[in-house]
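Subject: Structure handover, salt bridges

Hello,

Here is the structure I promised you. Please open it alongside this note; what I found follows below.

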Amino acid sequence: MSDVYTESLNKLIEQFAKLPGIGPRTAERLAFYILNTSASDAMALADAVKNVKTKVGRCQICFNLSEDSTCQICSDPRRDKKVICIVEQPKDIISLEKTGACKWVYHVLGGHIAPLEGLEPSDLTIDKLVERVRGGQVSEIVMATNPNVAGDGTSLYISSLLRGENVKITRLARGLPTGTTNEYANGKILADAIRARQRLE
Ligand SMILES: [Zn+2]
């Protein structure tokens, strides 16, 4: 950090440099952009950062991102609440919704099970999912965890927990290239995988 900059400018550069993919030179460039942009644009950015940290929480039903206690999808009366699609992260919902093929609701696990990384079932929202299923009115669980070893293991663990419940368990068809994440899957492939979902035994 150069001494020629003021303390405030140095601090802004430092903050930008913490962002993923931003090196020191880009951090400097962004800080100077902010310095030179209009006060209203700069404040809008500051407010957006502040709001995302103070207003965005989790839906109390599905753990999707939400600014209210219940997210927009769970509050939508046109959704089929009897079908719950299981995803690892809120961003997976965005990929699935972009296909336009989903009329169901979701359950966000908050990750996957990976004992070697110290990620246990108790770190996820699995107990809340079991509660939702036991609460009745659920006819199908669609596993849409990522098509890799950790995602498959997580799906199998959950399906074993739900085996005694009166619910059909399916997973997205494997048009998805194994080892990828749903986030990057091509929209057309994902839409086909949704329509052709298979029973998970
Ligand atoms: Zn929700």
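Both Arg79 and Asp76 are buried. They also form a salt bridge with each other, with 3.9 Å between the closest N and O atoms. Bear in mind that this is a predicted model.

That pair is part of a longer list. Searching the whole structure turns up seven salt bridges. Two others are described here.

Take Arg134 and Glu165. Their closest N and O atoms are 2.8 Å apart, and the two form a salt bridge. This pair links distant parts of the chain, 31 residues apart. Arg134 sits in helix 6, residues 126-134. Glu165 sits in the loop between helix 7 (149-161) and strand 6 (168-171). Arg134 is exposed, because its relative accessible area of 55% is over the 50% cut-off. Glu165 is partly exposed, at 23% relative accessibility.

Next come Arg197 and Glu140. Their side chains meet in a salt bridge, at 2.6 Å from N to O. Arg197 lies in the loop between helix 8 (187-195) and strand 7 (198-199), while Glu140 is in strand 5 (residues 140-143), so the bridge ties together parts 57 residues apart in sequence. Arg197 counts as partly exposed, with 28% relative accessibility. Glu140 counts as buried because its 8% falls under the 20% limit.

One last point takes you back to the starting pair.

Best wishes

Notes: Residues are numbered from 1 along each chain as its sequence is written. This is a predicted model: local features need pLDDT of at least 70, side-chain atom pairs count only at pLDDT 80 or more; totals for chains, interfaces and linings use all residues. Side-chain values use heavy atoms; hydrogens and water are left out. A salt bridge is a side-chain nitrogen of Lys or Arg within 4 Å of a carboxyl oxygen of Asp or Glu. Buried means under 20% relative accessible area, exposed over 50%, partly exposed in between (1.4 Å probe, protein chains only). Helices (H or I, at least four residues) and strands (E, at least two) are DSSP runs, numbered from the N terminus.
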